[in-house]
Amino acid sequence: MAKGHDKFQFSVNGALHGTGDKVLDGSQIREIAGLEPASDFVLIQIEGGLARSISIEEEVKFASGEIPVFLSFASDRTYNFTVNERGWEWGSPSILAADIYRYGEIDEELELILDSAGDAVIPTDGEVALDGAGVERIRSREPKMVTIKVNGRPRTVEKRPHSYREIAAIAYPNPDFENFNYTITYLHGVHGAEGDLVEGETIQVKKGMVFNVRRSDKS
């Protein structure tokens, strides 16, 4: 636990700790965090969108006003993989997609791809096994498909501009534009946009965008 007179601070698994020493080795960081014996724990430092292991002997330098972030794992080995061609280390045989987004500082609008699985999309609530043969390669990219809601129902569509008539057809298959009016409103668009979509217009769709389509008789 950090104390008021501690000159330097750092966190381990979200808990704040402090020290008066500008330099600590991996063993000392583990000891301060209550991770003993030190050899029973893998210590991972999160910095600049990377996750790397800190060995027992490795020294870490602290700076005033900065709070280095560490994660610990009760493990005797590390697992190597890459995220966007940058080497990562982890202390568990699997990693949550949520942790890749968070610690890799990856925009949640992007999707994660697992190269070794033939460019398979990693679900945002999924995880990646790291204990298989070879080094897993994970990368982020603009999604080809996104899930939107149309009249309260999830619909998966291409991530591209969609026309007024295309959105109307999602809500009402085989729409009859000669005999019916279709009023379309939207929420949670690009940069939080909201408004109306009218005949002749197109709009870029994004994940989580909401459309409400009402149909009324022209007569």
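Asp119 counts as partly exposed at 34% relative accessibility, where buried means under 20% relative accessible area, exposed over 50% and partly exposed in between (1.4 Å probe, protein chains only). Asp119 forms a salt bridge with Arg139, with 2.7 Å between the closest N and O atoms; a salt bridge here is a side-chain nitrogen of Lys or Arg within 4 Å of a carboxyl oxygen of Asp or Glu. The structure is a predicted model, in which local features need pLDDT of at least 70 and side-chain atom pairs count only at pLDDT 80 or more, while totals for chains, interfaces and linings use all residues. Residues are numbered from 1 along each chain as its sequence is written, and side-chain values use heavy atoms, with hydrogens and water left out.

**Salt bridges**

- Arg139 lies in strand S14 and Asp119 in the loop between S11 and strand S12 (120–122), so this pair ties together parts that are 20 residues apart in sequence. Helices (H or I, at least four residues) and strands (E, at least two) are DSSP runs, numbered from the N terminus.
- Arg139 is itself partly exposed, with a relative accessible area of 24%.
- A search of the whole structure finds 10 salt bridges.
- Another of them joins Glu111 to Arg141, the closest N and O atoms being 2.8 Å apart. Because Glu111 lies in strand S11 and Arg141 in strand S14 (residues 136–141), the pair ties together parts that are 30 residues apart in sequence.
- Glu111 is buried, at a relative accessible area of 11%.
- Arg160 forms a salt bridge with Glu158, where the closest N and O atoms are 3.6 Å apart. Arg160 is partly exposed at 27% relative accessibility, and Glu158 is partly exposed at 43%.

**Nonpolar cores**

- The largest nonpolar core has 24 residues, of which Phe81, Trp90, Ile95, Ile100, Leu112, Val128 and Ile138 touch the most other members. A nonpolar core is a set of buried Ala, Val, Leu, Ile, Met, Phe, Trp, Tyr and Cys residues joined through side-chain atoms within 4.5 Å.
- Two or more residues of this core come from each of strand S4 (41–47), strand S7 (69–74), strand S8 (79–83), strand S9 (86–90), helix H2 (97–103) and strand S11 (111–114). The element that gives the most is H2, with 4 residues.
- Beyond its neighbours within four places in sequence, Ile100 is in contact with Val83, Trp88, Ile95, Glu105, Ile106, Leu112, Val128 and Ile138; contact means heavy atoms within 4.5 Å.
- A second, separate core has 17 residues, including Phe177, Tyr182, Tyr186 and Met209.

**An open sheet**

- An open sheet of 5 strands runs in the order S2-S1-S7-S4-S5, with mixed pairing. Two strands pair if DSSP finds at least two bridges between them.
- Strand S2 (15–19) and strand S5 (50–53) are the edge strands, each pairing on one side only.
- On average, neighbouring strands of this sheet are turned by 30° against each other, direction ignored. Such axes are lines fitted to C-alpha atoms, for helices over the stretch in contact, and angles run from 0 to 180 degrees between N-to-C directions.
- S4 and S5 pair in the antiparallel sense over 4 bridges. Ala51 in S5 is the bridge partner of Ile46.

**Loops and backbone features**

- Ser75 is found in the loop between S7 and S8 and counts as buried at 15% relative accessibility.
- The side chain of Ser75 reaches the backbone oxygen of Arg77 at 3.1 Å. A polar contact is a pair of N or O atoms within 3.5 Å; within protein, one must be able to donate a hydrogen and the other to accept it, and residues adjacent in sequence count only if both atoms are side-chain atoms.
- Leaving aside neighbours within four places in sequence, Ser75 is in contact with Ser39, Asp40, Phe41, Val42 and Gly91.
- Glu36 and Pro37 are joined by a cis peptide bond, with omega about -5°. Pro37 lies in the loop between helix H1 (26–32) and S4.
- Asn84, in the loop between S8 and S9, has a positive phi of about 55° although it is not a glycine. Asn84 is partly exposed, with a relative accessible area of 33%.
- Asn174 is a residue other than glycine that also has a positive phi, near 55°. Asn174 is found in the loop between helix H3 (164–171) and strand S18 (180–187) and counts as exposed at 75% relative accessibility.
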